[in-house]
Amino acid sequence: MNKIISFPHMGSYYIPIKYIISNITKCEILIPEENNKHTIAIGSRYSPSEVCMPFKYNLGNYINALNKGANILIQAGGGCRYGYYAELQEQILKDLGYNFEFINLIQNNHLSIKKLYKLSKKLNPKLNIFKFINSLIKGFLILIYMDKLDDYLRKNMGYAEDPSMFTISENKMHQAYSNSKLSLLKIINIYKQYKHIYHSIPLKNIPRTKILLIGELYSLMDLTSSHNLERTIINQGIEVIRYTNLTYLLLIKKFKRHYLLRKTKKYLKYPLGADGTESVYHTLNHAKQGINGIIHIKSFSCVPEINAMPILSQISEEYHIPILYLSFDGENNINNIDTKLEAFYDMLLSSKLSHQ
């Protein structure tokens, strides 16, 4: 029987993940469909009601993949209680009658490269450590380059003469990086090519409104799980600043823990867990710089971000920065979100006028 691997869908990150897994395992990769109402509906149906939304989306991804023929599922979620969900997800799927192998790559609540190598060696006995490391480097480079381009898009798409030029270029860039046979030189050249394209898109030379987007990582990085909130804000002619991405989570975060606590010691004595400490730090840092507004988003019942919210409100009051809290549970009425955003935009305008 052919080995068909699948993993949870999270925005465009399936591209570098697929690149790495396909090259180190030589197995067929099945990408679940983009998260949608069906994904969350089926995931919620079989999930405990009290678990967070990423659990439910992932379970919906797994069921979708299994129904399409996947027989190996990979879980690599961590950083909070989600790092302990793999066993429960596996049991739920087996209780539903699915026959598959479930691989949890989390160890001590972090992604384990050692576990990934053991899995790859099992599925691809010809793999050697040099090929493994080479594939990891190239996959992570794709990830880093995609995040760099995405950061530029968030900051500038709202001020483009023709915003669709960013969308078209982004789709073409994703297609270019979807080739699993890319060489290191080709990966670098694709980045240089699209960096030039992005920077060549004409921008309006007008005063900018800047919003800091913070909160729970899944809601931030998988745009569909938050009703494309980020693009909705950008389409209002606003610059969006967001720090949470896979480059930060996988390569940078562990080196900044003590720094973040030191910088937020007025408000925090201990880490809040997950990205709660980062939410406090970035809010404080940008409040001091005079950010126009802050939007905090999270999935329903995300404990670290709930713990951060009173501190964020305190900072908002101290620095007179408008802040909006949005929680997504898969059943949100998009009209209610639009109404809250419209009210928030009015707050931003009033705040800007009062500071002039």
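In this predicted model, K26 sits in the loop between α1 (14-25) and β2 (28-30). The backbone of K26 has a positive phi of about 60 degrees, although K26 is not a glycine. Most residues other than glycine have a negative phi. A further residue of this kind is N228, a non-glycine residue whose phi is positive and near 55 degrees. N228 is found in the loop between α9 (217-221) and α10 (229-234).

Another loop residue is T244, placed between β8 (239-241) and α11 (246-252). Is T244 buried or exposed? Its relative accessibility is 9%, so T244 counts as buried, since the cut-off for buried residues is under 20%. When neighbours within four places in sequence are left aside, T244 is in contact with L217, L220, M221 and L249.

**Helix packing**

| Helix pair | Residues | Angle between axes | Separation of axes |
|---|---|---|---|
| α3 and α4 | 53-67 and 86-95 | about 40 degrees | 11 Å |
| α6 and α8 | 129-156 and 184-200 | roughly 0 degrees | within 10 Å |

Helices α3 and α4 pack at about 40 degrees, and they are therefore oblique to each other. The crossing in which α3 passes α4 is right-handed. On the α3 side, the residues that meet α4 are F55, N58, L59, Y62, I63 and L66, and their partners in α4 are L88, Q89, I92 and L93. Sorted by class, this contact contains eight nonpolar residues, two polar residues and no charged residues.

How are the axes of α6 and α8 arranged? They come within 10 Å and cross at roughly 0 degrees, which means that α6 is roughly parallel to α8; the cut-off for this description is an angle under 35 degrees. From α6, the contact involves K138, L141, I142, Y145, K148, L149, Y152 and L153. From α8, it involves L184, I187, I188, Y191, Y194, K195, Y198 and H199. By class, the contact of α6 with α8 has 12 nonpolar residues, one polar residue and three charged residues.

**Aromatic pairs**

A search of the whole structure finds 10 aromatic pairs. One of them joins Y62 and F102, with ring centres 5.6 Å apart and an angle of 75 degrees between the planes, an edge-to-face arrangement. Y62 belongs to helix α3 and F102 to strand β4 (residues 101-104), so the pair ties together parts that are 40 residues apart in sequence. Both Y62 and F102 are buried.

F102 also pairs with F100. The centres of these two rings lie 6.3 Å apart and their planes stand at 70 degrees, so this pair too is edge-to-face, because planes over 60 degrees apart fall in that class. F100 is buried, as is F102. Which residues do the ring pairs link into a cluster? They are Y62, F100 and F102.

Key
Residues are numbered from 1 along each chain as its sequence is written. This is a predicted model: local features need pLDDT of at least 70, side-chain atom pairs count only at pLDDT 80 or more; totals for chains, interfaces and linings use all residues. Side-chain values use heavy atoms; hydrogens and water are left out. Axes are lines fitted to C-alpha atoms, for helices over the stretch in contact, and angles run from 0 to 180 degrees between N-to-C directions. Helices (H or I, at least four residues) and strands (E, at least two) are DSSP runs, numbered from the N terminus. Angles under 35 degrees count as roughly parallel, over 145 as roughly antiparallel, 65 to 115 as roughly perpendicular and the rest as oblique. A crossing is left-handed if the near helix is turned anticlockwise from the far one by less than a right angle, and right-handed if clockwise. Contact means heavy atoms within 4.5 Å. Ala, Val, Leu, Ile, Met, Phe, Trp, Tyr, Cys and Pro count as nonpolar, Asp, Glu, Lys and Arg as charged, and the others, Gly among them, as polar. Buried means under 20% relative accessible area, exposed over 50%, partly exposed in between (1.4 Å probe, protein chains only). Rings of Phe, Tyr and Trp (its six-membered ring) pair if their centres lie within 6.5 Å; planes under 30 degrees apart count as stacked, over 60 as edge-to-face and the rest as tilted.
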